[in-house]
Amino acid sequence: MTDEIRAQAERSWPAGAGGRPGFCFSFVRETLPEDALCLLGGVEDDVVVATPERGLEMTRSFDQGYPEVARAVRLGSWTVLMEIDGFQGTRREVLRSLSTGGEAVSVFRDAGETGQFTHAVDGTVRTCFDQLAPERRWGAEPDALLDSMISAGLRGAEAVHGKPADAPSPHDESGAGALAVDPDSAALTLVELMTGVRLREADTIGHLLTVPFHALLPDARPALRLAALEPHAPEAAARLAAKSRPTSRRELLDLVRGLAEGAGVADSEAVRAALAEAEAGHEVPLDRGSPVYEQVMAWQVDRQRAHRSKGLPEETRLDAAARAGIEARHEVGLAVRDAIAVLNKVR
């Protein structure tokens with residue numbers, strides 16, 4: 001077996017003998033494993049040492065709200081985060097968290113035909129592409145990795161950049177003795193070219209730092225999303241629609257308060273305090289750790305628990321009406337958070 005064939009085999013293990021189970025690996029530069037797990041969404045007190053089997057059990061916990069679970073290992077100057085049946089490493093919010101002040105690379109593949117490779121630097125997605133179709137690239141610098149992509153064997157990367165599709169490559173499928181490169185193996189080869197880290201299957205098994213966590217909330221977007229209220233409280237939505245173009249900050253505040261009341265979330269201490277702060281003319285914090293963020297996160301956990309409870313025995317699962325109410329509270333809670341972001345912009 002040549003060194004090149006051996007190296008390819010060492011990068012092909014995520015595909016598995018029985019097909020593609022899916023994976024998400026995030027490589028974080030100069031960050032300790034326990035810190036990277038917290039940046040992903042975990043809490044320090046929840047970090048434990050566990051096997052993959054124990055991690056999988058955690059994802060099935062009703063009491064914990066069916067959390068996401070990630071494991072971490074340090075390889076050289078990089079920490080590798082390995083999600084169990086997850087995709088959080090593809091999200092902009094997560095990549096910003098992992099790369100602010102540094103660098104992160106993530107490789108995702110689901111069990112079907114979806115993949116994503118992302119390189120983020122100091123909070124910005126620099127280059128992103130689907131390893132199954134590397135000619136489709138986006139980000140602040142979509143072509144920044146092009147030469148390395150071609151060297152890694154990501155066929156098609158050069159097709160839309162004026163280079164011939166049959167340009168020679170160390171991994172080209174044409175020619176005597178050439179290797180047929182699996183796109184996931186090629187993506188891990190690209191990671192190695194960028195980081196110097198070769199992730200082996202042996203690195204992912206055994207007892208590793210592990211944390212259950214809940215997915216970070218999407219960024220608050222300054223927007224009045226009254227449509228979020230319509231399926232759950234149509235009368236309130238109709239009443240507020242006539243006021244959807246406020247001409248003063250007072251009218252805007254009344255509209256946001258009406259949105260919260262119409263959804264039945266105005267009795268939340270966090271929401272009530274946020275509206276009082278806004279009325280006093282103060283900017284309301286909405287990022288992770290703020291009362292509003294943690295309140296909406298709690299509603300998100302309730303939603304996850306309600307959704308997954310459908311698989312429980314009838315005597316223990318939530319009924320349809322209860323699930324619908326919990327879904328509504330979470331969805332409109334996000335809309336209220338976005339509306340408060342509007343108030344933060346209107347002084």
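What share of the contacts in the protein with a separation of 6 or more comes from residues 24 or more positions apart? The share is 63%, where contact means heavy atoms within 4.5 Å.

**Before you start.** This is a predicted model, in which local features need pLDDT of at least 70 and side-chain atom pairs count only at pLDDT 80 or more, while totals for chains, interfaces and linings use all residues. Residues are numbered from 1 along each chain as its sequence is written, and side-chain values use heavy atoms, with hydrogens and water left out.

**Whole protein.** Show everything as a cartoon. The protein has 11 helices and 9 strands; these are DSSP runs numbered from the N terminus, of at least four residues for helices (H or I) and at least two for strands (E). Of the 347 residues, 48% are buried. Buried means under 20% relative accessible area, exposed means over 50%, and partly exposed lies in between (1.4 Å probe, protein chains only).

Two strands pair if DSSP finds at least two bridges between them.

**Strand 3.** Select residues 68-75. On one side, strand 3 pairs with strand 4 (residues 78-83) in the antiparallel sense over 6 bridges. Look for Leu75, whose bridge partner in strand 4 is Trp78, and for Arg74, which stands opposite Thr79. Strand 3 also pairs with strand 9 in the antiparallel sense, over 5 bridges; here Glu68 stands opposite Phe213. Because 7 of its 8 residues are buried, strand 3 is largely enclosed by the rest of the structure.

**The turn and two loops.** Strand 3 and strand 4 make a hairpin with 2 residues between them, and Gly76 in the turn has a positive phi of about 65°. Next, select Tyr66, in the loop between helix 3 (52-58) and strand 3. Tyr66 is not a glycine, yet has a positive phi of about 50°. Is Tyr66 buried or exposed? Its relative accessibility is 6%, so Tyr66 counts as buried. Then go to Asp85, in the loop between strand 4 and helix 4. Asp85 also has a positive phi, of about 55°, although it is not a glycine. At 66% relative accessibility, Asp85 counts as exposed.

Axes are lines fitted to C-alpha atoms, for helices over the stretch in contact, and angles run from 0 to 180 degrees between N-to-C directions.

**A helix pair.** Finish with helix 8 (residues 249-262) and helix 11 (residues 320-345), whose axes come within 9 Å and cross at roughly 170°. The two helices are therefore roughly antiparallel to each other (angles under 35 degrees count as roughly parallel, over 145 as roughly antiparallel, 65 to 115 as roughly perpendicular and the rest as oblique). Residues making the contact include Arg249 and Leu252 of helix 8 and Val332 and Ala335 of helix 11.
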